[in-house]
Amino acid sequence: MKISLVLILGLTITTSFCKAAEASTYRYRNLNQNAESINIDPYRKETPELASLNVPDEISNGIKTAPLKYLDKLIIHLTKWTADDYLKVKSIHDWICLNIDYDMVGYNKGDINIEEPHITLRLRRGVCGGYAALFRYMTYKAGFESTIVSGFTKGQGKYALGEQKILTRHAWNSIKIKNVYYLVDV
């Protein structure tokens, strides 16, 4: 199994790294030397985001009231403008990032279970599991093999054991594009 880590598909990054990513010296780390080398310039442009922002009102409003009925139309809109599989995935990623709010109330309560995609769509909010489930479902409907990866993250974890921070549960995705698996953290 080939596994690579590519930042262009939307891994969560800090503000300081975002500024560094805009510099011409931006690089991604490919953990698999056999994987295809990717020119990242097309993925840093605004086209996927523009497709995500210009969803027709019928689809945008329909997703709020009948998510499963309008989801296929949304996915077609987000992917039809390009034949590039990376850009299709990026467009889906961007739509989720721009339209689903992070559920801080749920996170603060410790309610970070994975939600059903239609619930995340209808509520327009979720925690990492909701984002991961929605990304997996939308990319699956777009014809990609995707899975949810569950694990732990360190860093600014909210939950502490005495003075010592403990690892926080987290969920992200693995997606197969051109026979290579990539990790994506929406």
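Begin by selecting residues 85-99, which form helix α5: at 1.5 Å a residue its 15 residues should span 21 Å, and its end C-alpha atoms are 21 Å apart, which agrees. The expected span used here is 1.5 Å times one less than the number of residues in the helix, and helices (H or I, at least four residues) and strands (E, at least two) are DSSP runs, numbered from the N terminus. Before going further, note that this is a predicted model, in which local features need pLDDT of at least 70 and side-chain atom pairs count only at pLDDT 80 or more, whereas totals for chains, interfaces and linings use all residues. Residues are numbered from 1 along each chain as its sequence is written, and side-chain values use heavy atoms, with hydrogens and water left out.

**The whole chain**

With the protein chain in view, there are 8 helices and 8 strands to find. Of its 186 residues, 43% count as buried, where buried means under 20% relative accessible area, exposed means over 50%, and partly exposed lies in between (1.4 Å probe, protein chains only). The chain exposes about 10,800 Å², of which carbon and sulfur atoms supply 51%; these areas come from the Shrake-Rupley method with a 1.4 Å probe, and for residues only the protein chains shown count as cover.

**Along helix α5**

Return to α5 and show its side chains: the buried residues include Y86, L87, V89, I92, W95 and I96. At the start of the helix, a side-chain oxygen of D84 comes to within 2.8 Å of the backbone nitrogen of Y86. Next select K90, also in α5, which counts as buried because its relative accessibility is 12%. The side chains of K90 and D94 are joined by a polar contact of 2.8 Å, a polar contact being a pair of N or O atoms within 3.5 Å; within protein, one must be able to donate a hydrogen and the other to accept it, and residues adjacent in sequence count only if both atoms are side-chain atoms.

**The nonpolar core**

Now select I63, L74, W95, I96, F135, M138 and I175, the residues with the most contacts inside the largest nonpolar core, which has 26 residues. At least two residues of this core come from each of α3 (57-65), α4 (67-79), α5, α8 (128-141), β7 (168-177) and β8 (180-184). A nonpolar core is a set of buried Ala, Val, Leu, Ile, Met, Phe, Trp, Tyr and Cys residues joined through side-chain atoms within 4.5 Å. Centre the view on F135: not counting residues up to four places away in sequence, F135 touches V89, I92, H93, I96, S146, N173, I175, V184 and V186, a contact meaning heavy atoms within 4.5 Å.

**Helix α8**

Leaving aside neighbours within four places in sequence, G129 is in contact with I114, E115 and A171. Just after α8, stop at G143, which takes a positive phi of about 100°.

The bridge partner of S174 is L183, in β8. Of the 5 residues of β8, 4 are buried, so this strand is largely enclosed by the rest of the structure. N179 counts as exposed, because its relative accessibility is 57%.

**Two last stops**

Select G151 in strand β4 (residues 145-153), which at 18% relative accessibility counts as buried. G151 and T168 are 17 residues apart in sequence and 8.4 Å apart in space, C-alpha to C-alpha. Finish at R124, in the loop between α7 (117-123) and β3 (125-126), where R124 has a positive phi of about 60° although it is not a glycine; with a relative accessible area of 14%, R124 is buried.

Conventions
Two strands pair if DSSP finds at least two bridges between them.
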